[in-house]
Amino acid sequence: VVSVAFSPDWRVVAAITWDAKKPNLYLIDADAGTLIRSVKLDSELTTVAWSTDGKTLLTGGYTGKLCAWDVATLTK
């Protein structure tokens with residue numbers, strides 16, 4: 001695990017990993033510890049943060065690009 005961030009309501013954890021064979025962005029129910037959804041990333045990321053409304057995730061990495069993700073679908 002490279003980076004984690006709690007949603008503004010503390011109910012969901014966003015986590016980034018560097019596993020080349022598995023999904024790299026995970027949303028996890030903080031209370032139950034169960035996977036909500038995940039997605040395989042096309043580049044190694046180093047940070048994740050939530051928007052204040054909890055509807056968007058921002059990720060960034062060594063490329064210097066930031067990506068905004070819709071939390072409901074994990075699409076850019």
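User: Let's start with bridges. Which residue in E2 is the bridge partner of Ala5?

Analyst: The general idea is that strands of a sheet pair through backbone hydrogen bonds, either parallel or antiparallel. Keep in mind that this is a predicted model. Here, Ala5 has Ala14 in E2 as its bridge partner. That pair belongs to E1 and E2 (residues 12-16), which are antiparallel and share four bridges.

User: How many bridges pair E2 and E3?

Analyst: Five, again in the antiparallel sense. To find your place, look at Val13, whose bridge partner in E3 is Ile28.

User: And E3 to E4, how many bridges join them?

Analyst: Four bridges, and the two strands run antiparallel. The hairpin of E3 and E4 has five residues between the strands, and in it Gly33 takes a positive phi near 75°.

User: So in which order do the four strands come in the open sheet?

Analyst: Read it off as E1-E2-E3-E4, with antiparallel pairing. E1 and E4 (35-39) are the edge strands: each has a single partner strand, so one side of each is left without a neighbour in the sheet. From one strand to the next, the twist averages 15°.

User: What is the order in the open sheet of three strands?

Analyst: That one goes E5-E6-E7, and its pairing is antiparallel. The edges are E5 (45-50) and E7 (66-70); each has a single partner strand, so one side of each lacks a neighbour in the sheet. Ignoring direction, neighbouring strands here are turned by 25° against each other on average.

User: Where would I look to check the pairing of E6 and E7?

Analyst: Go to Thr59, which stands opposite Cys67 in E7. E6 (residues 56-61) and E7 pair over five bridges in the antiparallel sense.

User: With which side chain does the side chain of Asn24 make a polar contact?

Analyst: With that of Lys40, at 3.0 Å.

User: What about the surface: which residues make the nonpolar patch?

Analyst: Val2, Trp18 and Tyr62 make it, and the patch covers about 340 Å². Val2 sits in the segment before E1 (3-6).

User: Why does Val2 count as partly exposed?

Analyst: Because its relative accessibility is 34%, and partly exposed is the class between buried, under 20%, and exposed, over 50%.

Terms used:
Residues numbered from 1 in each chain as written. Predicted model: local features only at pLDDT ≥ 70, side-chain atom pairs only at ≥ 80, totals over all residues. Heavy atoms only, no water. Patch = residues over 30% accessible without salt bridge, like charges linked within 9 Å, V, L, I, M, F, W, Y side chains within 5 Å. Areas by Shrake-Rupley, 256 points an atom, 1.4 Å probe, with all protein chains shown as cover. Salt bridge = Lys/Arg side-chain N within 4 Å of Asp/Glu carboxyl O. Buried < 20%, exposed > 50% of the residue type's maximum accessible area, 1.4 Å probe, protein only. Pairing = 2+ DSSP bridges. Axes fitted to C-alpha atoms, helices over the stretch in contact; angles between N-to-C directions. Polar contact = N/O pair within 3.5 Å; in protein donor to acceptor, adjacent residues only side chain to side chain.
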